Amino acid sequence: MVASHVGISPYLCSSRASGDHLKVCSQAYTCCTQEMEERYSQLSKHDFRNAVVELSNHLQTMFSSRYKKFDEFFKELLENAEKSLNDMFVRTYGRLYMQNSELFKDLFVELKRYYVGGNVNLEEMLNDFWARLLERMFRLVNPQYHFTDEYLECVSKYTEQLKPFGDVPRKLKLQVTRAFVAARTFAQGLAVARDVVSKVSAVNPTPQGTQALLKMMYCPHCRGLISVKPCYNYCFNVMRGCLANQGDLDTEWNIFMGSMLLVAERLEGPFNIESVMDPIDVKISDAIMNMQENSMQVSQKVFQGCGQPKTLAQGRTARSVSEGGFSARFRPYNPEERPTTAAGTSLDRLVTDVKEKLKQAKKFWSSLPGNICSDEKISVGTGNENECWNGSAKSRYDFAVTGNGLASQVNNPEVEVDITKPDMVIRRQIMVLRVMTNKLKNAYSGNDVDFIDVSEESSGEESGSGCEFQQCSTEFEFNATEVTGNSNKSDKKVNTSAAPSSGLSQAALFLSILVLAMQRQWR
């Protein structure tokens with residue numbers, strides 16, 4: 001790295017004077033004035049920041065572009081599913097559907113609202129959809145009767161018992177909930193990764209770090225050693241010291257990347273939102289046809305439980321039958337008639353691409369010091385170990401490389417690091433990653449982060465596409481003091497390992513409150 005970036009050109013050291021005036025560089029005979037040393041100090045900070053930002057920008061751009069692609073895909077998938085259902089139901093049921101279309105419109109409004117982070121309980125919303133559909137259908141298949149709102153409420157109470165729509169509502173609820181939880185959480189994870197990289201890459205070296213950078217990068221110039229490069233291990237120790245707090249991010253970052261990869265696999269398999277939403281129109285129509293075919297049995301059982309309804313006058317009955325007879329049969333689209341795949345791609349292709357990027361992003365922060373030292377702009381000496389700059393002379397560097405992270409810098413020979421004062425920006429990002437990892441854990445298990453189904457049904461017949469927490473614990477490791485319970489609606493079954501002990505300290509209690517606050521922020 002050369003000094004010409006700020007107007008200081010390398011030159012041959014033709015005249016030397018005592019370096020008593022210098023604060024960091026050697027006070028032996030030198031080519032530098034005090035003003036030059038100060039300018040070199042500013043340049044070393046500038047070069048260091050640029051090196052960190054340049055390496056981080058690539059990662060940040062990757063997460064930003066993948067988030068945009070996934071977000072665009074999910075939103076367009078919902079738009080296409082709604083359009084397909086509307087077009088097909090108009091062709092099949094005509095005016096009858098148009099008179100009740102707001103019911104289906106509301107379903108997609110709520111699905112979209114959930115995806116963008118709205119406070120929507122998917123299970124309750126879907127139960128409400130089927131209850132409202134049952135009320136409309138019950139009127140249509142029994143046009144000779146008058147039903148009050150109270151009577152229809154009684155009809156709704158028999159939904160679970162009679163199963164007028166067959167098994168479609170139960171299966172669809174399970175599929176939609178798991179797919180939407182996984183899709184929303186994965187997209188949020190990409191956005192979190194993008195934002196964490198943005199915040200953590202804005203590094204401002206401490207005064208001690210700035211001195212170490214100056215000593216490594218530009219003090220050789222003051223000795224006339226313009227072409228001599230820093231020894232690799234020397235550079236490593238300087239960067240480990242300057243990036244000590246970033247090193248502490250690595251463990252939580254790697255767990256987070258692993259969690260993202262596991263949810264990505266769910267998106268490829270049992271929680272594939274594309275395979276759920278693409279045929280949702282056919283599934284709903286199957287439910288409607290099931291209700292038609294069993295309307296007599298369903299009506300008789302309802303009449304037994306809710307009482308015999310009043311019969312409409314003969315003229316009104318004839319008009320109701322002619323206007324609302326529900327005898328249409330559903331004809332699904334042929335494959336070539338279906339709308340273009342959302343965002344011009346498929347979920348499988350998107351997931352395959354992002355999985356490779358997530359694997360590459362692992363260990364980014366622990367690798368950052370070495371990557372900076374390998375950067376051609378810093379261009380450390382990798383040849384003759386006796387021909388590199390060791391901080392004081394052109395000679396061999398004898399110190400061992402210190403460990404990664406803040407605590408390891410207590411013995412760093414090049415940078416004085418106060419290990420008692422962690423960077424609070426990075427500590428907050430560590431907490432953000434922990435909260436997001438907890439959400440990913442729930443999504444991997446098929447559970448809504450905020451509205452978790454604790455009924456036996458969710459862990460029963462079709463729960464094989466998810467997993468119980470005990471079965472997943474080898475893939476998700478959580479410390480009880482790091483991630484406590486979710487919000488007040490979180491799943492007790494999932495969070496038993498995260499329950500705080502009775503002797504929880506005030507510090508741990510504060511941590512748990514912070515977790516809950518951040519969960520609300522990222523909902």
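Guide: Let us begin with helix α3, residues 101-115, where a helix is a DSSP run of H or I with at least four residues, a strand is a run of E with at least two, and both are numbered from the N terminus. At 1.5 Å a residue, its 15 residues should span 21 Å, and the end C-alpha atoms are 22 Å apart, which agrees; the expected span is 1.5 Å times one less than the number of residues. This is a predicted model, in which local features need pLDDT of at least 70 and side-chain atom pairs count only at pLDDT 80 or more, while totals for chains, interfaces and linings use all residues. Residues are numbered from 1 along each chain as its sequence is written, and side-chain values use heavy atoms, with hydrogens and water left out.

The buried residues of α3 are L103, F104, L107, F108, L111, Y114 and Y115, buried being under 20% relative accessible area, exposed over 50% and partly exposed in between, with a 1.4 Å probe and protein chains only. Seen down the axis of α3, these residues fall within an arc of 135°, so they line one face of the helix; the arc is that of the directions from the helix axis to the C-beta atoms. The buried residues of α3 pack against several helices, among them α1 (34-93), α4 (122-141), α7 (168-200) and α13 (280-293), where contact means heavy atoms within 4.5 Å. Just after α3, G117 takes a positive phi of about 105°.

Turning to another helix, F303 has its place in α14, residues 295-306, and is buried, with a relative accessible area of 13%. Not counting residues up to four places away in sequence, F303 touches F138, N142, Y145, F147, Y151, Q308 and P309. The C-alpha atoms of F303 and V155 are separated by 8.9 Å, although these two residues lie 148 residues apart along the chain.

As for the whole, the protein has 20 helices and two strands, and buried residues make up 50% of its 523 residues. Among contacts between residues at least 6 apart in sequence, 84% join residues at least 24 apart. To return to where we started, the face of α3 that its buried residues line includes F104 and L111 among those buried residues.
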